[in-house]
Amino acid sequence: MAASAATRNAEALFESKNVNEIRQIEARTRRDIEDKKLQLRQLVGESYRDLIEGTSKVLDISHTCSSIVKNILAMQESFGCLVVDVSSTLGNAQDGKEFVRNHQLLHAMGSRVKYILDTPEVIWGCLDSQQHLEAARRLLRVHEVYSHVQQAFAADVAAKFPLLSHQWPLVLKFRCEDTFLAWVLLAAVAALQPWVVLA
């Protein structure tokens, strides 16, 4: 049916147009056909390129997902090994309690050692601000803490804090200095107030 319509159109064209006009129409029609072919190729080509890009993106997503799954599995294995390491470190419940007890002892010893190590700075601050009574209190407290450290903790725990043996003689020097400064202060007060009697 389309062929007969095209034949009738061609016959009508030959009846109404001369040869030069028909050749121009043919050339224009051929150009239109070539343009349509080119547009069709471009359309198919772009769709094909889009298809290829979409496929490569899907493949990239697939590879990324696979690597994420592998990393998660590796993390799970690492966590499993960590649990095994911790349980082997702690051993049975008794070993775990011993571990916690040792940690608590170490923490208790550390806090007392810090108190002793901070004492010279605190005492100097008290002496600079002429708070001799507070300096004497700190000195009495630090003696109590030191004697408690010596009695309550084993030698192997105390050996983990070697700075204590270096700092303690410095703390002992304050006993003489604090006593001397307190005496000077009392003497100065006595000089200002004659009714104060120094023993």
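Arg-137 and Glu-134 lie three residues apart in helix 4 (residues 132-152), a separation of about one helical turn. In this predicted model, the two residues form a salt bridge, with their closest N and O atoms 3.6 Å apart. Both partners are at intermediate accessibility: Arg-137 is partly exposed, with a relative accessible area of 42%, and Glu-134 is partly exposed at 30%.

Glu-134 has a further partner. Its side chain also meets that of Arg-141 in a salt bridge, at 3.3 Å from N to O. Arg-141 is partly exposed, its relative accessible area being 37%. Through these shared partners, Glu-134, Arg-137 and Arg-141 are joined by salt bridges into one network.

The side chains of Arg-30 and Glu-26 meet at 2.9 Å, N to O. Arg-30 is exposed, with a relative accessible area of 53%, whereas Glu-26 is partly exposed at 38%. Arg-30 counts as exposed because its value of 53% is over the 50% cut-off.

A search of the whole structure gives five salt bridges; those described above are among them and are listed here.

| Salt bridge | N to O distance |
|---|---|
| Arg-30 and Glu-26 | 2.9 Å |
| Arg-137 and Glu-134 | 3.6 Å |
| Arg-141 and Glu-134 | 3.3 Å |

Aromatic rings are a separate topic. The count of aromatic pairs in the structure is zero. A charged side chain does sit over a ring, however: Arg-138 lies over the face of Tyr-115, 3.8 Å from the ring centre.

As to the overall fold, the protein has six helices and zero strands. Read from the N terminus, its elements follow the order α-α-α-α-α-α. Of the contacts between residues at least 6 apart in sequence, 69% join residues at least 24 apart.

Of the 199 residues in the protein, 15% are buried. The accessible surface of the protein is about 15600 Å², and carbon and sulfur atoms account for 62% of this area.

Key
Residues numbered from 1 in each chain as written. Predicted model: local features only at pLDDT ≥ 70, side-chain atom pairs only at ≥ 80, totals over all residues. Heavy atoms only, no water. Salt bridge = Lys/Arg side-chain N within 4 Å of Asp/Glu carboxyl O. Buried < 20%, exposed > 50% of the residue type's maximum accessible area, 1.4 Å probe, protein only. Helix = DSSP H or I, 4+ residues; strand = E, 2+ residues; numbered from the N terminus. Phe/Tyr/Trp six-rings, centres within 6.5 Å; stacked < 30°, edge-to-face > 60°. Lys NZ or Arg CZ within 6 Å of the ring centre and 35° of its normal. Contact = heavy atoms within 4.5 Å. Areas by Shrake-Rupley, 256 points an atom, 1.4 Å probe, with all protein chains shown as cover.
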